[in-house]
Amino acid sequence: MNFSRSINYLLTYLNGAWANNRHQAQLPPQQQKSVPIEVDDIGLLPQAPGIHVQVEGVQAAPVIQTNETTERAQSQAHAINSLVGFIKRKEMMASYLLKSAKGNFNDLTYVQKIALQQAREQVHFLDLSGVPLTVESIKNIQAHFPNLRTFIAKDSQLTDDCIKVLRMCPQLTRVNIEANPQLTDEALLSLSEVSTLQELCLSDDNYSDQGITHLKKLKNLTSLRLKDCAQITDALGQAIRAFAKLTELHLVRCAGITNVGVADFFTENSLKKLTLADCLQVSDETKVIFAEYEGLTFFPQEQPLTWNQAAPFH
């Protein structure tokens, strides 16, 4: 069963179980059937009417009273507990839930909100590509996920104001904000304050050499990917000298880069991987030289970005 189908199955099961318990609560007491809550070590059940939680290590021991309020609370707690466990085991679940709500936390169900809250410290990875995100969306992400390390939001209608909020995520290490044409150099100025940032992916022609210069403050940057950045010129070679830890530079369809500019890529830096794909002013002869450059892995074509869910820890 693939990931999407398994998520849909889980949500269908939880919704069905909750509805069944609500039906049970409407029956006369003598006809009600108690449904046990499966409690494991994935987290604590929420406090609710009719349920008392005692904490022993990471175990939660509910003491159940049988009444209509308790039945509903019990069913709700079971759904939350199950969803929390699934989020912790399958981190993409958090991305799936937020995508289903189109990035709007207010459109999440009560169970989904509580589950995300309880699993908040385990969410390190979010991919919300294709979901229109607002400043309010980013504020909620920043507030709910303090350990977020990887943030992917391609084609998400991000604005410079969104990035001003995103920069306050304290542990960001990887950011991919490609295909957001409303972003400008102002967004790069904001990102320059994310001292933990190690990998950055940008695209579109609103970024200039000045914007890349803003990024000089990123002393931990190891990988930079620029795609369809027509305003980026040979000045990039000078700018990347400030990136002492930069080992990967990937340029795709950057029309302003020439043979002269790429010669500066290897001055006072430690590049190990270089992509020059469809950069029209870079000759095939230059690419042959790079292909034979000792200690360098050279890619003449665009390579797929393969960020998995496990963000780097340093």
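**Notebook: pocket, sheet and ring pairs**

I began with the lining of the largest pocket, to which E7, E8 and E9 each supply at least two residues. The model is predicted, so I kept in mind that local features need pLDDT of at least 70 and that side-chain atom pairs count only at pLDDT 80 or more, while totals for chains, interfaces and linings use all residues. Residues are numbered from 1 along each chain as its sequence is written, and side-chain values use heavy atoms, with hydrogens and water left out.

**Pocket**

I took a pocket as an open set of points on a 1 Å grid over the protein atoms alone, where a 1.4 Å probe fits, with protein on both sides within 12 Å along at least five of seven lines; lining residues have an atom within 4 Å of a point. I then looked up the 17 lining residues, of which Glu248, His250, Lys273, Leu305 and Thr306 are the closest to the centre. E8 gives the largest share of this lining, with 3 residues.

**Sheet**

Strands here are DSSP runs (E, at least two residues) and helices likewise (H or I, at least four), both numbered from the N terminus; two strands pair if DSSP finds at least two bridges between them. I read an open sheet of 8 strands with parallel pairing, in the order E3-E4-E5-E6-E7-E8-E9-E10. Strand E3 (125–127) and strand E10 (297–299) are its edges, each pairing on one side only. Neighbouring strands of this sheet are turned by 5° against each other on average, direction ignored, where axes are lines fitted to C-alpha atoms and angles run from 0 to 180 degrees between N-to-C directions.

I followed the pairing through the strands that line the pocket. Strand E7 (residues 223–227) and strand E8 (residues 248–252) are joined in the parallel sense over 5 bridges, and Lys227 stands opposite Val252 in E8. E8 and E9 also pair in the parallel sense over 5 bridges, with Lys273 in E9 as the bridge partner of Glu248. I noted that Glu248 and Lys273 are both among the residues closest to the pocket centre.

E9 and E10 pair in the parallel sense over 3 bridges, and Thr275 has Phe299 in E10 as its bridge partner. Together with helix H11 (residues 284–291), E9 and E10 make a right-handed β-α-β unit; right-handed means that, with the strands pointing away from the viewer, the path from the first strand over the helix to the second runs clockwise. Strand E9 (residues 273–277) is mostly covered, with 4 of its 5 residues buried (buried is under 20% relative accessible area, exposed over 50%, partly exposed in between, with a 1.4 Å probe and protein chains only).

**Aromatic pairs**

Rings of Phe, Tyr and Trp (its six-membered ring) pair if their centres lie within 6.5 Å, and planes under 30 degrees apart count as stacked, over 60 as edge-to-face and the rest as tilted. I found 2 aromatic pairs by this rule. Phe105 and Phe145 have ring centres 6.3 Å apart and planes at 45°, so this pair is tilted. The two are 40 residues apart, Phe105 in the loop between helix H3 (92–100) and helix H4 (110–118) and Phe145 in the loop between helix H5 (135–144) and strand E4 (150–152). Phe290 and Phe298 are likewise a tilted pair, at 5.9 Å centre to centre and 35° between the planes. I checked burial as well: Phe105 and Phe145 are both buried, as are Phe290 and Phe298.
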